[in-house]
Amino acid sequence: MATTSEQEGSKWNTVHFNGPFPTRILYKTTLEPDSKLPSKIDRFNDVAKEIQRLLKETTDANEGFRAFGARWSMNNVAHHKDRMHFNENMNIKKSISNDEMHPNSSFKKEDLFLIECGNKIKEITEFIKREGKSLKTCGASNGQTIAGAISTGVHGSALNVGSVQDFVVGINLIIGPDKNDIIYLERQNEPALSDQFALSINARVIRNDALFNAALVGLGGFGFIHGVVIETEDLYLLNRYVRKINKSVALDLAVTMNFKDSEFKIDAEVDANGKPSNPYHYKIFINPYNDNADYVVEAMYKKKFRTDYPDPIPRIQTALYKDLIVLFGKIAAQHKNNIPRLIKLLEKDILPSVD
Ligand SMILES: Cc1cc2nc3c(=O)[nH]c(=O)nc-3n(C[C@H](O)[C@H](O)[C@H](O)COP(=O)(O)OP(=O)(O)OC[C@H]3O[C@@H](n4cnc5c(N)ncnc54)[C@H](O)[C@@H]3O)c2cc1C
């Protein structure tokens, strides 16, 4: 049986420390171990029962309840003063079997996965990569949970793809403590999984676009999202380029997306007629403190996966953001005489407080 730890009279905070915010009870539910309950669906149903028990306890006390994920939201959107539930340990993920597919589904079975709410985006990426699949889009930092990410509509980093919630094709909600309160929700005309699947997770099926869209980006206010069904695609590679281009060309492209007729051209990224191809990702870095005629832009082009691609790690090490400590070290090295003053200023943040 899944178990829940409870902290009474707690203080809850975001990762960025916007709080603390008082909350009466903090719950954290942990799945029954695989060794005791090997079937993923059995473990999924077992923990659903536990969430329903918590909801009953909460409604009996006439209090409010809110789920939260990695606490990465930049404000207190996830906060509730009564009871809050931390989903991190609810991280079942599974591929879909033939009999779980809806007979009229236009999705490919291999592309679909059932993902429990507490799975982090990075965890999902690693799991589906082993099945030869990629997420359609994600962000640069991928520590948010799937339920938190879709609930706030984040990470639209690929052109013409949308954000994380746009690759969700089914939602499993727990809206209360009773038998009928477990729901499997899909869009009306885009069925993915069968009614038999819904039955296996003790859910009643609703296929309705308006309800689906409302629950999808629900800001935590549309029931407990227990799991989602996501559509993935075949593994792909991204060729990345960073170039300086004229400011107005860069901004114009961001508005029109007309790469084909643009003077921004990368010789290796052209179509059969020699015209610039459309990138999968396009980003402008704007430094408001200089008057240069150019902006730095980053463009990524999607390629079919192959195994003999160049190792990206040495490049990534020089290309991506450094964490703050590394950056701080670099700045300090260039301003040697200021190190004691900097240390003094940051003393409270970098040294542990004495007990
Ligand atoms: C380092 C960093 C980088 C970021 N980069 C980007 C970026 O590039 N682009 C971007 O768009 N955003 C970005 N964000 C914002 C972040 O992606 C979002 O705030 C996201 O919602 C965080 O997910 P979470 O799991 O932390 O959710 P939380 O912050 O914990 O919760 C968010 C909302 O989801 C609800 N929720 C969570 N789980 C459930 C559930 N099981 N059922 C019902 N509701 C639930 C909560 O109640 C809350 O309303 C970044 C944040 C950080 C800290």
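User: How many helices and strands are there in the protein?
Analyst: Bearing in mind that this is a predicted model, the protein has nine helices and 15 strands. Its C-alpha atoms fill a box of roughly 65 × 60 × 35 Å, taken along the principal axes.

User: And what share of the residues counts as buried?
Analyst: Of the 355 residues in the protein, 30% count as buried. As for contacts between residues at least 6 apart in sequence, 61% of them join residues that are at least 24 apart.

User: Switching to the ligand, which residues come nearest?
Analyst: There are 29 residues around the ligand, and the ones that come nearest are Gly 69, Ser 73, Gln 144, Gly 148 and Gly 220.

User: Which element gives the largest share of that shell?
Analyst: That is helix 3, which contributes five residues. Helix 3 spans 146-152, and it is listed together with strand 3 (65-68) and strand 11 (224-231) as supplying at least two shell residues each.

User: How do the shell residues divide into nonpolar, polar and charged?
Analyst: The shell around the ligand holds 15 nonpolar residues, 12 polar ones and two charged ones.

User: What is Ala 293 in contact with, leaving aside its neighbours within four places in sequence?
Analyst: With those set aside, Ala 293 is in contact with Asn 246 and Lys 247. Its C-alpha atom is also separated by 9.4 Å from that of Lys 244, a residue 49 residues apart from Ala 293 along the chain.

Methods:
Residues numbered from 1 in each chain as written. Predicted model: local features only at pLDDT ≥ 70, side-chain atom pairs only at ≥ 80, totals over all residues. Near = placed C-beta within 6 Å. Helix = DSSP H or I, 4+ residues; strand = E, 2+ residues; numbered from the N terminus. Nonpolar A, V, L, I, M, F, W, Y, C, P; charged D, E, K, R; others polar. Contact = placed C-beta atoms within 7 Å. Buried ≥ 20, exposed ≤ 12 C-beta atoms within 10 Å, placed from the backbone.
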